[in-house]
Amino acid sequence: MAGVQPPPLRALDDFLLSSARFAVPDVRNLDRWNNRVINNLLYYQSNYFLSVSVFLLLVGYFQPVQMFVGTVVVTLLFLGFVWAAENRAPIRRFRRNHPSITVLSILFTGYLFMSVLGGVAVFLFGVAFPILMVLVHASLRLRSLKNKMENKLESIGLKRTPMGLLLEALGQEQEAGS
């Protein structure tokens, strides 16, 4: 965790409003789509963390116990998966080759645990929905040339970020915007 620095919060205009450009990704070219998602997750990570935090706090305000249980379940599943992937070669290969299936399986397993514990709706709206919104935004958001250049300059400085560590734990390499 040494040397981990949060990137700056991007302007709302660039993130969501008038200067933001959105387009449906080409589902036939999965590598390009994956690259778009990873680069957007890295570039807008402070905005994503802030958005998810606000949503989690809002849901947690209305359903604190169920939100806490849902967050603990997903966190424990994620940490268990990271531990298993670091200690078991087949799981590590699966994580690297199928990152989207990995995330979906963690969320689905969390859903199953929450259905047993109760509070499925809180889990869906408090944990899975914000993650889904982040992935939808990262999939649809087109980047400008200025944003791509800023991302390359940030990655040249080898600045490790929270999203970079999270993507690394999920088996994705931290790539500079291409």
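In which helix is Val 134 found? Val 134 is found in helix 7, which spans residues 120-140; helices (H or I, at least four residues) and strands (E, at least two) are DSSP runs, numbered from the N terminus. The structure is a predicted model, in which local features need pLDDT of at least 70 and side-chain atom pairs count only at pLDDT 80 or more, while totals for chains, interfaces and linings use all residues. Residues are numbered from 1 along each chain as its sequence is written, and side-chain values use heavy atoms, with hydrogens and water left out.

The secondary structure of the protein chain comprises nine helices and two strands. Read from the N terminus, the order of elements is α-β-α-α-α-α-α-α-β-α-α. Of the 178 residues in the protein chain, 37% are buried; buried denotes under 20% relative accessible area, exposed over 50%, and partly exposed the range in between, with a 1.4 Å probe and protein chains only. Contact denotes heavy atoms within 4.5 Å. Among the contacts in the protein chain with a separation of 6 or more, 79% are accounted for by residues 24 or more positions apart.

The UniProt record, an unreviewed entry, places the feature "transmembrane region" at residues 41-61, 67-85, 97-114 and 120-140. UniProt positions are given in the numbering used here, feature names are shortened, and annotations may be inferred rather than shown by experiment. In the model, residues 41-61 are 95% helix and 0% strand, with the end C-alpha atoms 27 Å apart. Residues 67-85 are 100% helix and 0% strand, and here the end C-alpha atoms are 27 Å apart.

Val 134 counts as buried because its relative accessibility is 11%. With residues up to four places away in sequence not counted, Val 134 touches Leu 41, Tyr 48 and Val 52. Its C-alpha atom lies 8.5 Å from that of Ser 51, although Val 134 and Ser 51 are 83 residues apart in sequence. Tyr 48 belongs to helix 3 (residues 45-62) and is buried, with a relative accessible area of 3%. Beyond its neighbours within four places in sequence, Tyr 48 is in contact with Phe 15, Asn 40, Leu 41, Val 134, His 137 and Ala 138. Tyr 48 and His 137 are separated by 89 residues in sequence and by 9.3 Å in space, C-alpha to C-alpha.

Met 163, in helix 9, is likewise buried, with a relative accessible area of 5%. Leaving out residues up to four places away in sequence, Met 163 touches Leu 41, Leu 42, Gln 45 and Phe 49. Met 163 and Tyr 43 are 120 residues apart along the chain, and their C-alpha atoms are separated by 9.2 Å.

The packing of helices was examined next. Two packed helices are described by the angle between their axes and the distance between the axes. Axes are lines fitted to C-alpha atoms, for helices over the stretch in contact, and angles run from 0 to 180 degrees between N-to-C directions. Helix 2 (residues 30-43) and helix 9 (residues 162-169) cross at roughly 145 degrees, and their axes come within 8 Å. This crossing of helix 2 and helix 9 is right-handed; a crossing is left-handed if the near helix is turned anticlockwise from the far one by less than a right angle, and right-handed if clockwise. Ile 38, Leu 41 and Leu 42 of helix 2 meet Met 163, Gly 164 and Leu 167 of helix 9. By class, this contact has five nonpolar, one polar and no charged residues, where Ala, Val, Leu, Ile, Met, Phe, Trp, Tyr, Cys and Pro count as nonpolar, Asp, Glu, Lys and Arg as charged, and the others, Gly among them, as polar.

Helix 4 (residues 64-87) and helix 5 (residues 89-97) pack at about 115 degrees, with axes 5 Å apart. Helix 4 is therefore roughly perpendicular to helix 5; angles under 35 degrees count as roughly parallel, over 145 as roughly antiparallel, 65 to 115 as roughly perpendicular and the rest as oblique. The crossing of helix 4 and helix 5 is left-handed. Helix 5 and helix 6 (residues 99-117) pack at an angle of about 110 degrees, with their axes 5 Å apart, and are therefore roughly perpendicular to each other. Phe 94, Arg 95, Arg 96 and Asn 97 of helix 5 make this contact with Pro 99, Ile 101 and Thr 102 of helix 6.
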